[in-house]
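Me: I would like to go through some of the labels used for this model and ask what each one rests on. Please set the values against the definitions.

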Amino acid sequence: MGYRFTNRTGGVSTGAFSSLNLALHVGDDPARVLENRRILGQEVGEHQYMEQVHGNRVVIIEAVSDEHPTADALVTGIPGVALAVMVADCIPLLLTSKVAVAAVHVGRKGLMNSVALGAIAAMREIGATQISAVIGPSICGRCYEVSQEIHDEVVALHPSAQAVTAQGTPALDLPARSEEH
């Protein structure tokens, strides 16, 4: 089972969304977004999106649909079906096994509510035993400035997420935390 990270090139969106914008929720022309998704589909085949909400809901996909389930993790055991996760600063976490795959949206809230562990549990429920993880591009600890209160809340549960910005202000390094598992 393979994976792919997209970038901004190769699509039809213009202006601030140029060019392979896949997000319907950012104000781009929906017709262009759907064309971009069609272009991606030519490369990856059938693929399923989710309506991400920084929660911990995991949805098992039994059939690809134009409906986007409200969730922050999708899991499927259907061969050939790709799962999409969209991020700006958050971590796109892709999990693979011989029988199932998952796409997980892991930000600060996702780390705190264990959405990745929920996705792993769902994969195990459908028979996955050996699970591999790939972390995609995301914000780094020197750039992810947060309030002292948020910093302290996260670091209390996940000490290795502790970071500071180049200016010495509180920050979080979520990818460093994710690599521990």
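Reply: Arginine 4 forms a salt bridge with glutamate 43. The model is predicted, with local features needing pLDDT of at least 70 and side-chain atom pairs counting only at pLDDT 80 or more, while totals for chains, interfaces and linings use all residues. Residues are numbered from 1 along each chain as its sequence is written, and side-chain values use heavy atoms, with hydrogens and water left out.

Me: Why is the pair of arginine 4 and glutamate 43 called a salt bridge?

Reply: The term requires a side-chain nitrogen of Lys or Arg within 4 Å of a carboxyl oxygen of Asp or Glu. The closest N and O atoms of arginine 4 and glutamate 43 are 2.4 Å apart, so the pair qualifies. Arginine 4 is in the segment before α1 (30-44) and glutamate 43 in helix α1, 39 residues apart, so the pair links distant parts of the chain. Helices here are DSSP runs (H or I, at least four residues), as are strands (E, at least two), numbered from the N terminus.

Me: What makes arginine 4 partly exposed?

Reply: Buried means under 20% relative accessible area and exposed over 50%, with partly exposed in between (1.4 Å probe, protein chains only). Arginine 4 has 38% relative accessibility, so it counts as partly exposed.

Me: How many salt bridges does a search of the whole structure find?

Reply: The search finds three. One of them joins aspartate 29 and arginine 32, with the closest N and O atoms 3.8 Å apart. Glutamate 35 and arginine 38 form another, at 2.6 Å. These two residues lie in helix α1, three residues apart, about one turn of the helix.

Me: Why are the buried residues of α4 said to line one face of the helix?

Reply: In α4 (residues 148-157), the buried residues are His151, Val154 and Val155. Seen down the axis of α4, they fall within an arc of 95°, so they line one face; the arc is that of the directions from the helix axis to the C-beta atoms. On the other side, Glu149, Ala156 and Leu157 are exposed.

Me: What do the buried residues of α4 pack against?

Reply: They pack against α2 (108-112), β8 (162-164) and β9 (170-172), where contact means heavy atoms within 4.5 Å.
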